[in-house]
Amino acid sequence: MTEFHPPDPAYAPAGFPPPPEPPPDPTSLPVDPPEEPRLAARLHPLTPFARGWAAMIGATVVAGQDAVREADVVQILLILAAVTVAALAFGFWTWWFTRYVIEGDDLRVDSGLLFRKSRHIRLSRLQAIDVVQPLVARILGLAELRLEVAGGGAAEGRLAYLSEDKARTLRAELLARAAGVRPDAPEAPEQVLVRVPVAALMTSLLLTVWVPLLVVGGSVLIGVAIWQREPALIFPAIPVLLAFGTLAWRELESGFDFTVAESPDGLRLRHGLLARHSQTVPPGRVQALRIIQPLFWRNRDWVRVLINVAGYAGGNDAAQKSTSVLLPVAPRATALAVIGRILPGVDPGTIPLNPAPRRAGRARPFWWRGLAWGADDRVFVATSGLFRRNLDVVPHGKTQSVRLTQGPWQRRLGLATVRLDSVPGPVVVEVAHRDAAEARELAETQAARAREGRRSAGPERWMAGT
């Protein structure tokens with residue numbers, strides 16, 4: 001069986017080494033004199049090319065369609081040169097007028113060529129800082145900083161691009177300021193917990209349900225085409241193959257070399273084949289998590305873990321998905337050990353579950369058997385799915401609201417659904433098709449648990465624990 005751990009002979013998947021030593025108490029550090037005003041800095045000079053290469057190629061193709069069809073090399077080169085010069089000129093002036101500077105508790109970003117724009121990002125509201133390196137940026141040795149701010153949008157606080165060293169140095173300083181420690185504090189050390197092997201990732205993709213269905217369906221279609229002597233029957237399947245191929249590629253690209261490391265400021269996630277993504281997940285910002293086990297993963301007892309993280313509400317589905325994976329695939333024991341770093345002392349698999357009533361089968365035939373819920377003094381759990389099993393976990397203190405809904409067919413059957421709201425993300429905690437009286441009692445009880453959990457919750461400062 002493929003091993004999911006770093007090359008450390010003392011490593012045991014079921015018992016990680018103790019967490020790293022916490023950083024020194026900020027109050028014990030010497031007080032620095034007031035900072036001198038800092039000069040605004042520019043992004044890396046190669047930023048115009050790193051940001052505009054795709055636009056240059058696209059504009060060249062659109063502008064030179066006739067030349068491309070006629071294979072006129074000279075005309076293609078002239079169009080490419082003209083578009084490149086125009087794009088680089090515009091990119092240069094955009095880069096020239098973009099500057100950033102740290103002013104006390106704010107990061108100020110000035111931009112705009114004709115219309116000046118100044119954004120002030122409060123570091124005290126900083127949720128996370130990710131380091132992203134698209135393929136071209138990696139080749140040029142550049143990196144982008146994405147600052148996630150409470151209540152901010154997808155474009156809030158992007159600095160693209162900086163040199164790799166500068167990006168990591170600036171990230172460490174911003175995190176130190178957000179955590180309330182000295183700005184010149186070095187980056188916190190880390191210890192690798194899990195490194196997902198490429199072979200395991202590839203195997204997990206092959207063991208998903210849609211791959212066997214695609215193989216069987218494709219074989220049947222090819223067989224019918226041969227039997228009917230109609231090769232054209234295969235053509236309608238090409239878009240389906242491209243769609244599934246794109247899905248598989250995205251999973252492989254995002255899960256490649258997936259590494260989970262622990263540091264005093266949270267769990268550090270690094271992954272990506274062409275574009276590298278570095279993310280820090282403070283445990284106190286994890287609002288809910290989901291443990292997924294597809295049908296063909298059961299023999300190996302592999303699972304996938306997704307999380308809802310406060311501060312990642314903005315962005316499109318692809319961006320949100322890239323920041324919501326805690327583990328793309330891992331043995332259950334390893335996944336539970338990592339979850340234990342976020343929710344110490346919590347084992348979701350040991351919480352007793354309450355199954356759905358039998359008449360729920362009239363609302364959700366066959367699949368109703370996978371519906372159940374349970375709770376202890378720390379978390380609420382809910383299960384769903386029969387072939388693909390989902391186990392959702394939400395700490396009581398992270399429950400933002402509790403809703404009870406009842407559709408027309410549910411009213412006829414005397415059933416209702418309870419939903420526990422969290423921040424936007426892939427995890428939606430729902431207890432579907434319960435007896436109406438049980439659902440009302442559950443909603444009231446969970447609302448009381450949430451109030452008590454918020455009162456007893458500790459601080460969410462990154463380096464002060466949770």
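Guide: Let's start with Asp 435, which counts as partly exposed at 27% relative accessibility. On that scale, buried means under 20% relative accessible area, exposed means over 50%, and partly exposed is what lies in between, with a 1.4 Å probe and protein chains only. A word on the source: this is a predicted model, where local features need pLDDT of at least 70 and side-chain atom pairs count only at pLDDT 80 or more, while totals for chains, interfaces and linings use all residues. Residues are numbered from 1 along each chain as its sequence is written, and side-chain values use heavy atoms, leaving out hydrogens and water.

Now for the partner. The side chain of Asp 435 meets that of Arg 359 in a salt bridge, at 2.3 Å from N to O. Asp 435 lies in strand 21 (residues 429–435) and Arg 359 in the loop between strand 15 and strand 16, so the pair ties together parts that are 76 residues apart in sequence. Arg 359 is partly exposed, with a relative accessible area of 31%. The term salt bridge here means a side-chain nitrogen of Lys or Arg within 4 Å of a carboxyl oxygen of Asp or Glu. In general, side chains of opposite charge can pair when their charged atoms come close.

Strand 15 (residues 354–355) and strand 16 (residues 372–375) pair in the antiparallel sense over 2 bridges, and Asn 354 stands opposite Trp 373 in strand 16. Strands are DSSP runs of E, at least two residues long, and helices are runs of H or I, at least four, numbered from the N terminus; two strands pair if DSSP finds at least two bridges between them. Strand 16 is also joined to strand 17 (residues 379–384) by 4 bridges, again running antiparallel. Those two form a hairpin with 3 residues between them, and Ala 375 stands opposite Phe 380 in strand 17.

Arg 434 is buried, with a relative accessible area of 1%, and forms a salt bridge with Glu 438, the closest N and O atoms being 2.9 Å apart. Glu 438 counts as partly exposed, at 24% relative accessibility.

To place all this in the whole: the protein has 12 helices and 21 strands, and a search of the whole structure finds 17 salt bridges.
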